[in-house]
Amino acid sequence: MGDRTGFMKHDRALPERRPVPVRLRDWREVYKPFDIDAVRTQASRCMDCGIPFCNSGCPLGNLIPDWNDLVYRDHWRDAIERLHATNNFPEFTGRLCPAPCEAACVLGINEDPVTIKQVEVEIIDRAWDEGWVRPMPPAEHTGHSVAVVGSGPAGLAAAQQLTRAGHEVVCFERADRLGGLLRYGIPEFKMEKRFLDRRLEQMSAEGTRFVTGTDVGIDITAGALREHFDAVVLAGGATAWRDLPIPGRELQGIHQAMEFLPPANRVVEGDLQHHPFPATDRDVIIIGGGDTGADCLGTVHRQRCASVQQFEIMPRPPDERASSTPWPTWPLMMRTSSAHEEGGERRYAIQTQRFTDDGEGRVAGLRTVRVEQRFDNGRMSFEPVPGTEENHPAQLVLLALGFVGPERSRLMEDLGVTFDERGNVARNDHWMTSTDGTFVCGDMGRGQSLIVWAIAEGRSCAAAVDHWLEGRTFLPAPVTPTDQPLR
């Protein structure tokens with residue numbers, strides 16, 4: 001490393017966030033630019049640890065010490081080459097990934113870890129600004145064709161790898177625009193869509209064909225797909241959301257997060273003039289304390305809600321890494337996003353018992369009770385605490401409870417794929433489903449997970465498809481279908 005004592009001389013630092021009153025007036029990203037010298041200083045904190053656990057903490061196997069050292073030495077073009085060697089879309093992960101690599105950083109054992117994620121996004125943004133990111137079309141074509149169903153991070157990664165391997169790739173998306181949840185699930189303040197659009201332009205220039213507004217299985221039958229393509233990659237995500245079947249669920253004004261966020265993004269895109277059920281001047285309650293709940297929180301702030309609370313059934317995490325999740329595993333600890341900084345109240349260990357109505361079929365509030373987390377023979381349960389019942393006013397309730405797996409669509413039925421015990425599309429060690437020539441990657445086969453796992457699975461699945469078509473492959477395969485995160 002260029003400065004082996006950098007971690008002893010410099011503290012961890014991140015770019016400043018724009019003031020809350022300012023950023024709530026627009027949908028732009030919340031962070032101010034980071035000074036280039038500050039980036040190099042942060043890269044110098046990478047400590048030449050000998051065994052970089054950050055590599056294994058990252059499902060992509062990113063060469064993190066390599067590009068930290070190159071940034072410190074001001075060799076930015078070499079740094080992007082190292083970064084692109086393992087990650088097709090560092091501008092996505094650098095903004096959206098929760099950074100399991102930082103949780104596994106050796107420096108993080110007793111100090112603040114290296115700002116790996118920030119260095120990553122600075123490398124790719126510099127590369128785009130300098131014109132170093134260009135289309136990489138294949139030198140020759142194999143004559144094989146592959147259909148990729150889904151244009152989220154897993155599908156895009158698989159499509160780009162297969163196109164570069166020389167196959168004719170067509171990527172199908174049922175929405176009117178490409179990107180999956182990157183487009184309509186992630187708010188603009190977390191990732192501006194211009195970063196997605198410029199990467200899609202690169203992929204198109206490389207030869208990947210995109211078809212939008214097409215529900216594969218209905219607009220194109222499974223039979224036609226198998227007839228016209230030599231292989232099929234299913235990358236449609238885990239889009240079957242978890243519901244909350246309690247009294248009053250049928251009332252108007254209760255919506256799934258993925259019913260609420262896409263119209264908000266469409267307003268920003270200019271497709272809609274107004275959100276069909278905005279949070280403006282309403283008391284809002286978000287049920288679910290994860291990233292999707294935080295996305296809803298930042299969105300309702302920008303829609304000028306009257307008030308907002310976020311409920312989570314789990315107890316409040318500790319401020320520091322819990323002893324149950326020692327280094328280098330992903331730590332259980334309290335996290336505060338930019339949306340939480342903007343306002344609202346977070347409530348933990350609280351369970352919704354019923355929704356109440358206004359007498360005209362609309363939600364007017366929630367009845368809740370505090371709960372205690374208990375374990376019996378390893379099984380977790382939540383017991384209500386008597387006397388802690390509360391009533392909360394709410395004219396808009398958003399359910400951000402995660403996803404239970406892929407939709408059981410006509411396509412799945414007609415392809416004849418089977419499902420595993422968790423409800424995901426079953427696959428073997430070579431990413432193939434129970435149907436010969438049909439592969440699956442990302443959340444559709446893994447279950448709801450992180451963007452970095454989606455890209456890693458897309459890359460690995462592409463290698464498996466290439467090997468199946470050609471009898472060999474030179475594409476990297478960072479993960480296997482049985483890999484699990486450091487939990």
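The following legends describe close-up views of a predicted model. Local features need pLDDT of at least 70, side-chain atom pairs count only at pLDDT 80 or more, and totals for chains, interfaces and linings use all residues. Residues are numbered from 1 along each chain as its sequence is written, and side-chain values use heavy atoms, with hydrogens and water left out.

**View 1. Helix α5 and its surroundings.** Helices are DSSP runs of H or I with at least four residues, numbered from the N terminus. Helix α5 spans residues 64-72 and is largely enclosed by the rest of the structure, because seven of its nine residues are buried (under 20% relative accessible area, 1.4 Å probe, protein chains only). These are I64, P65, W67, N68, D69, L70 and V71. They pack against α3 (36-43), α4 (53-57), α6 (76-84), α8 (100-103) and α9 (116-130), where contact means heavy atoms within 4.5 Å. D74, with a positive phi near 70 degrees, follows α5.

**View 2. Arginine charges over aromatic rings.** A charge sits over a ring if NZ of Lys or CZ of Arg is within 6 Å of the ring centre and within 35 degrees of the ring normal. The charged end of R40 is 5.9 Å from the centre of the Y72 ring. R408 lies over the face of F419, 3.6 Å from the ring centre.

**View 3. M314 in its loop.** The loop holding M314 runs between β8 (307-312) and α16 (338-341); β8 is a strand, a DSSP run of E with at least two residues. M314 has 31% relative accessibility and therefore counts as partly exposed, a class between 20% and 50%.
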